[in-house]
Amino acid sequence: MVEKVLFIVFAALAVGSGVGVITRSNIVHALILLIFSFVNVAAIYLLTSAFFIAVVQILVYAGAILVLFTFVVMFLNLRQYQSMEQLHPVQKWVALIMTPLVLAEFVVVALAATWTAVGGPFDRETVAAGGGNVALLGERLFNDALLPFEIASLILLVAMVGAVVLAAKEGREFMETRAWADTDEERIPEFVEEEV
Amino acid sequence: MDIPIEWYLVLSAFLFVIGAAGVLTRRNMFIVLLSIELMMNAVNINLIGFSRLHDNFIGQHFVLFTMTVAAAEAAVGLAIVTSLFRNRQTTMVDLFDLLKG
């Protein structure tokens, strides 16, 4: 009973802050609301006794991905675009009609279908006796899914190289922007003055 | 007492639809990327719920790989946003309608 009440509370908070993410015009507010939503989802993972996934959710999503977003948002001067129209002129009407329909469809299908458990080998007692969620998850991961695990590391490497190649400036341009840093001339970008 | 699987599915449906609405309606590229993260999270909730229902770890393995792909997608997406902003001085997605290098 307690679990169900907690599930409803965390689910309501996650959905509420999710709505906040797509309605804020300030990107930093949207980012912080998204972090809050992810923390609530991590709490739901804890209720489901997926402890390792809950910790990874906070470390990777809230800790790494959203901090990366925050850094990029602060690199770019986006304040001047806040006053612009935030919604797409045509697609907002399409979304207004389509999203409730799709949501209703999802909910009807989820509630109408009968879900039968196949009864796998790792119920609560087996997991508790076998050393807990983290130990068994790691053991199964490295036995059943070793090749996908290695491919995942390759994907991360490719993404890292790709991000560096895409975000790096062109060679000469980079040297030119660096040049003023070595001289005595003090160059303040104009947006810094605007912010004050 | 376990939480019924339908609750996970309904929560996941809500989060997914919110993310889809964000991708469709917002013009700001950052909010579009954040909405994509929200949709991936909705899928992860489903996988965790079914992993609990079926008493195995396959769903949790899938969530680990989804998170890997989400991290890669965020890194590449943000790099694309940075280079687009450098070239066009804006992040409004509907302004990027020219197929011209």
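Guide: Happy to. Let's begin with Asp55(B), which counts as buried because its relative accessibility is 17%, and buried here means under 20%. Keep in mind as we go that this is a predicted model. Asp55(B) sits in the loop that joins H2 and H3 of chain B. Its backbone deserves a glance too: phi of Asp55(B) is near 55 degrees, a positive value in a residue that is not glycine.

You will find Ser49(A) in the loop between helix H2 (27–47) and H3 of chain A. With a relative accessible area of 15%, Ser49(A) is buried.

Now let's step back to where the two chains meet. On the chain B side, 69 residues are in contact with 89 residues of chain A. The size of an interface is often given as the accessible area lost when the parts come together. Here, chain B and chain A bury about 7,200 Å² between them, and 77% of that is on carbon and sulfur atoms. Within chain B, the residues that lose the most area to chain A are Arg26(B), Leu34(B) and Phe57(B), which together make up 9% of what that side buries.

If you like to look for charge pairs, there are zero salt bridges between chain B and chain A. Polar contacts, on the other hand, link eight residue pairs across the two chains, counting pairs with both residues at pLDDT 80 or more. Three elements of chain B each give two or more residues to the side that touches chain A: helix H1 (5–25), helix H2 (29–53) and helix H3 (58–88). H3(B) gives the most, with 21 residues. Sorted by class, that side of chain B has 44 nonpolar, 16 polar and nine charged residues.

H3 of chain B turns up again when we look at a helix of the partner chain. Helix H6 of chain A covers residues 132–144, 13 residues in total, and reaches 18 Å from its first C-alpha to its last, close to the 18 Å expected at 1.5 Å a residue. Its buried residues are Gly132(A), Asn133(A), Leu136(A), Leu137(A) and Leu141(A). The buried residues of H6(A) pack against helix H3 (51–75), helix H5 (124–129) and helix H7 (146–167) of chain A, together with H3 of chain B.

Conventions:
Residues numbered from 1 in each chain as written. Chains lettered and ligands numbered in written order. Predicted model: local features only at pLDDT ≥ 70, side-chain atom pairs only at ≥ 80, totals over all residues. Heavy atoms only, no water. Contact = heavy atoms within 4.5 Å. Buried area = accessible area lost by both parts, 1.4 Å probe. Salt bridge = Lys/Arg side-chain N within 4 Å of Asp/Glu carboxyl O. Polar contact = N/O pair within 3.5 Å; in protein donor to acceptor, adjacent residues only side chain to side chain. Helix = DSSP H or I, 4+ residues; strand = E, 2+ residues; numbered from the N terminus. Nonpolar A, V, L, I, M, F, W, Y, C, P; charged D, E, K, R; others polar. Expected span 1.5 Å × (residues − 1). Buried < 20%, exposed > 50% of the residue type's maximum accessible area, 1.4 Å probe, protein only.
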